[in-house]
4 protein chains.
Amino acid sequence: MSEYATERATERVEKETARVEAFSDGVFAIAITLLILEIKVPHEAGHDLWRRLLGQWPSYFAFVTSFATIGIMWMNHHRMFNLVARIDPMLMILNGCLLLGVTFVPYPTAVVADYLGRDGAKAAAAFMAITYILIAIAFNLLWRYVSSPQRKPRLLRVPPEDAQVQAIRAAYRLGPLYYAVTLLAALWDAQMSVGLNLALAVYWAKPPREEK
Amino acid sequence: MSEYATERATERVEKETARVEAFSDGVFAIAITLLILEIKVPHEAGHDLWRRLLGQWPSYFAFVTSFATIGIMWMNHHRMFNLVARIDPMLMILNGCLLLGVTFVPYPTAVVADYLGRDGAKAAAAFMAITYILIAIAFNLLWRYVSSPQRKPRLLRVPPEDAQVQAIRAAYRLGPLYYAVTLLAALWDAQMSVGLNLALAVYWAKPPREEK
Amino acid sequence: MSEYATERATERVEKETARVEAFSDGVFAIAITLLILEIKVPHEAGHDLWRRLLGQWPSYFAFVTSFATIGIMWMNHHRMFNLVARIDPMLMILNGCLLLGVTFVPYPTAVVADYLGRDGAKAAAAFMAITYILIAIAFNLLWRYVSSPQRKPRLLRVPPEDAQVQAIRAAYRLGPLYYAVTLLAALWDAQMSVGLNLALAVYWAKPPREEK
Amino acid sequence: MSEYATERATERVEKETARVEAFSDGVFAIAITLLILEIKVPHEAGHDLWRRLLGQWPSYFAFVTSFATIGIMWMNHHRMFNLVARIDPMLMILNGCLLLGVTFVPYPTAVVADYLGRDGAKAAAAFMAITYILIAIAFNLLWRYVSSPQRKPRLLRVPPEDAQVQAIRAAYRLGPLYYAVTLLAALWDAQMSVGLNLALAVYWAKPPREEK
């Protein structure tokens, strides 16, 4: 009976955390799927349709880049929350700031899709890079809050000194810097900047430390 | 065996409640993510793109305000349903009225995004405030129904006299009044009204009473 | 150990059913939330904005009607699946036909929102009514398949003679007829037809038989 | 106690897999529901509205075809993941490629809806067929990775020699070839190509081998 009671209490706290995770997952899944709505069907293309579809490569490029970036952010969010045992109001607010950034992504994606390859491309690429810098900062704030050694009761399943916790902290610290590089690149060449974002998404796919 | 049977029965009722929660969470998550679709890419901006993107501040302001408001409503819905042990058809209908309001939010948001800073701004801000008043009323009706001492069998996990139940009731009672103030503000200054909505979202983030 | 093994096996089948329910819930939640995207912000209304917003009553009417209808369909889907213990491929296909109808609803809603109160209103209302007739037929086909006494192994938790099963069957049989009345009404008066759909949604909210 | 500990460990791994499944399900559910947004209300049709609604058959045809295709892909994804016991980063990346294809589907659907029955129809149908070929290839890559006999620790619940695993492998191998036929058909007749896609969706609904 006592073992069952403990199990129920653990379930309650886990349900709490699971609901925040599920809500976040929903936002990630919706944001990643809405990206496609920003690609517009060419009007009155007639027999020229095939060429017009190929000519939309900036839209496909922006779509794939943002899809990969949101996908990788989801994987990293997932890794973080695997280590989270309990949530508090401040964690929910910081997580909300992160999700605010994620839901915003379809807009710079649409701007890049519209302007890549013509006047305004650099501004569009810079706008995308700034969005990603802000999201990377939100990831850092969230993880620093969650993994702070001062936090009582502890929000993590593991002690803050755990190697996995430190590995995530070290990896995230570089995030804003990396996206600052893509921002600088945008001032020079818009397509290279978007390409760097895509390369970064592939880079972040690698777990901070080999997970068992 | 008997303990297991009890556990299964409890699970059935909890699954029922969990499904309403999950559906509501889905609606909140989708509504909050759809907000971004209301921001439109500037057409043919060319080298002027950066300035045009900055000039869209009313869209960003409306987006952040509605994101914060829906986010806080989700947190409060979450707090309410943490105390709900079972649902009945009337609860589902009142919850449906609340969700009707939440799914409507992207529309006044789009109206504010379009009209803030130009003729029609006051009407737009008033439209947003009225939407929030109606949602605040729906929160009150739902909580009054759920926490009514007359309800048999009890829908709450805790007795209606519980301090947490009373704290939520006291906090929600003020909701429609607060949003009535933002409505009045809209008649005077549209941006101040939208700003008050954002301030209220931050205010509601604070739990009615410190949760353990 | 043996009790635990049985529990695991039951969990596997329930997980299967739960996943179909969760997918269906997702589709209902998304369809109900997408409805708002069909209301368009009045362009260049200026000081006339307030009157233009009020003048959009057909859009609000169509929105509320479809919201209530999808909401009630979700509740009924929920009641059905509460009695379903296992799924098979045919059930998934019939459920898919039902969801096809539900995801289609935002389109006739947009048509009604656009044409109510001007030329074409009757065609728009008829289009909405036909959509609802088809969905009501899909509900009947699904329930008849699930509750057929010939089905081995049984898909329901309860025997097909169960009063609740029969009550649902009796209630659903009338669905297509009721919506046929709203179709006839559309030929006479479009607004009355849409109003009847809304009234039907309220009517269907009542559970077929008092649930314990 | 030891049995309980084993149960908890199993639950952790299953939760991991369940979260990837839930995220994928969300993406499938959203993509299938967004399809409807691509059908546009006829403008200023007046008394001609009914005929204009009927004249939109290419939109309905494209909608039903993509709905059926995404629905069947979901069912197959479901069957695959029923056999998956654990996930690793590479599986998540391959699953991400599959989801990238699924979220892209609304775009070729909109192109077909717009161009079927007029100049550009063949290019539109070919565009849809190519999308489906790429998704079919992603299904193959994912299943080959998951079911590879070299994989240690095993990702499947069952040994790679299991008849069900082999049946899925055999069935998927033909996917790209089947959609290559619809691509060839597109060069000859666009409507026949779209119709073949719909027929293939019905064909794939049949489970690779009768599931118990």
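Helices (H or I, at least four residues) and strands (E, at least two) are DSSP runs, numbered from the N terminus. The model is predicted: local features need pLDDT of at least 70, side-chain atom pairs count only at pLDDT 80 or more, and totals for chains, interfaces and linings use all residues. Residues are numbered from 1 along each chain as its sequence is written, and chains are lettered from A in the order in which they are written.

**View 1. The loop between α1 and α2 of chain C, with Glu44(C)**. Phi of Glu44(C) is positive, near 50°, in a residue other than glycine. Glu44(C) counts as exposed (12 or fewer other C-beta atoms within 10 Å, placed from the backbone), because it has 12 C-beta neighbours inside 10 Å.

**View 2. The loop between α1 (2-34) and α2 (49-54) of chain B, with Glu44(B)**. Glu44(B), not a glycine, has a positive phi of about 50°. Glu44(B) is exposed, with 12 other C-beta atoms within 10 Å.

**View 3. The side of chain C that touches chain B**. Contact (C-beta atoms, placed from the backbone, within 7 Å) joins 25 residues of chain C to 29 residues of chain B. On this side of chain C, α1(C) gives the most, with seven residues. The side comprises 17 nonpolar, six polar and two charged residues, where Ala, Val, Leu, Ile, Met, Phe, Trp, Tyr, Cys and Pro count as nonpolar, Asp, Glu, Lys and Arg as charged, and the others, Gly among them, as polar.

**View 4. Helix α4 (residues 89-104) of chain B**. Buried residues (20 or more other C-beta atoms within 10 Å) of α4(B) include Asn95(B), Leu99(B) and Phe104(B).

How values were computed:
The expected span of a helix is 1.5 Å times one less than its number of residues. Two residues are in contact if their C-beta atoms, placed from the backbone, lie within 7 Å.
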